Amino acid sequence: MNNNQKTLSIAVAFGLMGLPTYAQAAGFQLAEYSATGLGRAYAGEAAMADNAGSQWRNPAMLTYLSDTQFSAGAIYVNPNIDVNGTVTHPNLGQTTATAKDFAHDAIVPNVYFSHQLNERTFLGLAIGTNYGMETELPNFAASHFGDQAKIITAEANVNLGYQLTDAISVGAGVRYVIGEGHFGASVPEKNIVGMDGTNPIKAPKGTILKYMEGDDTSWGWQAGTAWQINPNHRVAFTYKSQVVMDFDGHAEGIPYGKHKPGQLAVTLPATAELASFHQLTEQWALHSSINWTDWSSFDQLVANFHDGTPNDLIKLENWKDNYRFALGTSYAWDQDLTLRAGIAYDLSAVSTKYRTATIPETDRTWLSIGAGYRATKQLTLDAGFTYIFAKKASLYEPRDGSDDQAAAIGGAFAGEVTGHVWLVGVQASYAF
């Protein structure tokens, strides 16, 4: 095992007990950084200072956390995603192509720590993930276009917050990201991989057409600011840089042989959030967010080989930037109990033309409720629950020239993706 693999194994064991196989935000982005925010559909997160986890979305919010604080939690993810359609080959006829509930349950944990160095300077440490996705479609009749895809990342942030004035705070942090990934396609049961004169040649079902895997470590950064307009109103802005993961590993399949060393670059996109917090009455507060993700940087998957042979296009993606809109509220029932609710709409990062079964990206609507309970003066317990409606969306492959060879082997695919997701999270926070 190489050093990157050792580092990955240690970090995943410590910081990530599991990852959802179907990302809950756009693309393969994960929004689930805390159960506290889950209860309001992550509305206003860059402007919130609930606990030490606030630094994950905006390091400037460290300046609202006094003394030393610790927060840890986990979110259970139960996705139910189906793909249904047909494959049509000019010589082999039509076949039903179905994959039922191909995303497995998982747990997404997090750990946060904050410490006040002096009156204006604050330090934080955060461990979690921003990106993760895994799909596997066994016995899928359209497997020649792709039957497995995986990106798993774990991330550690070291953050610093500074209060410039009584109203303005800033923050920044360094992100260390580790990850692994793979993408693959295989021969379906009905196929033609060549001709022997006038006789078609058939490959055994499951024969690897194209597959590539690898792992890598990389660096990124984040920065944010907050403006306390008055005691009841606050706005904030935060930005996370893109991180390029050069997954170093090998390729295999019909064009490559059994083991061809190479590298697959995947860009984890930049993100930004504009958020606000408004204390409307002594009990009621309103939260809002607009999030942007630079998914247009995820344009293609290209294999680069170490032996000097030409690069090979694994798949064109051609994604587009996406936006997320969230509105939430909090109600202080009494000095110990806070109730939360929220709604959000997450736009798809891919058009119908470029949607695939391996990453069945579509619009989502979030409905969330949650609560926080101050068990003692120092200990707060939070819980959140969310139901996500995934909009029914169409799939068509081949999408462009990069899929023509696959279509010639197994035929064209037309179908749709449907589904929903349940999220349940808990969080414990302690102020020393």
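Arginine 57 is buried, at a relative accessible area of 13% (buried means under 20%, exposed over 50%, partly exposed in between, with a 1.4 Å probe and protein chains only). The model is predicted: local features need pLDDT of at least 70, side-chain atom pairs count only at pLDDT 80 or more, and totals for chains, interfaces and linings use all residues. Residues are numbered from 1 along each chain as its sequence is written, and side-chain values use heavy atoms, with hydrogens and water left out.

Arginine 57 sits in the loop between α2 and β1. Helices (H or I, at least four residues) and strands (E, at least two) are DSSP runs, numbered from the N terminus. Which side chain does arginine 57 join through a polar contact? Glutamate 273 is the partner, at 3.1 Å. A polar contact is a pair of N or O atoms within 3.5 Å; within protein, one must be able to donate a hydrogen and the other to accept it, and residues adjacent in sequence count only if both atoms are side-chain atoms. Leaving aside residues up to four places away in sequence, arginine 57 also touches several others, including Tyr42, Thr238 and Asn291. Contact here means heavy atoms within 4.5 Å.

Now the cavities. There are two of 30 Å³ or more. A cavity is a set of points, on a 1 Å grid over the protein atoms alone, where a 1.4 Å probe fits but cannot get out; lining residues have an atom within 4 Å of a point. Grid points are joined across faces, edges and corners, and a volume is the space filled by probe spheres set on the points. The largest cavity is lined by 24 residues; the closest to its centre are Gln29, Arg57, Thr271, Glu273 and Asn291. By class, 11 lining residues are nonpolar, eight polar and five charged. Ala, Val, Leu, Ile, Met, Phe, Trp, Tyr, Cys and Pro count as nonpolar, Asp, Glu, Lys and Arg as charged, and the others, Gly among them, as polar.

Next, the backbone. Alanine 41 lies in the loop between α2 (35-38) and β1 (68-89). Its phi is positive, about 60°, although alanine 41 is not a glycine. Tyrosine 42 is in the loop between α2 and β1, with a positive phi near 55°. Alanine 41 is buried at 0%, and tyrosine 42 is buried at 0%.

A cis peptide bond joins glutamate 397 and proline 398, with omega about 15°. Proline 398 lies in the loop between β21 (379-397) and α3 (404-410).

Conventions: On a 1 Å grid over the protein atoms alone, a cavity is a set of points where a 1.4 Å probe fits but cannot get out, and a pocket is an open set with protein on both sides within 12 Å along at least five of seven lines; lining residues have an atom within 4 Å of a point.
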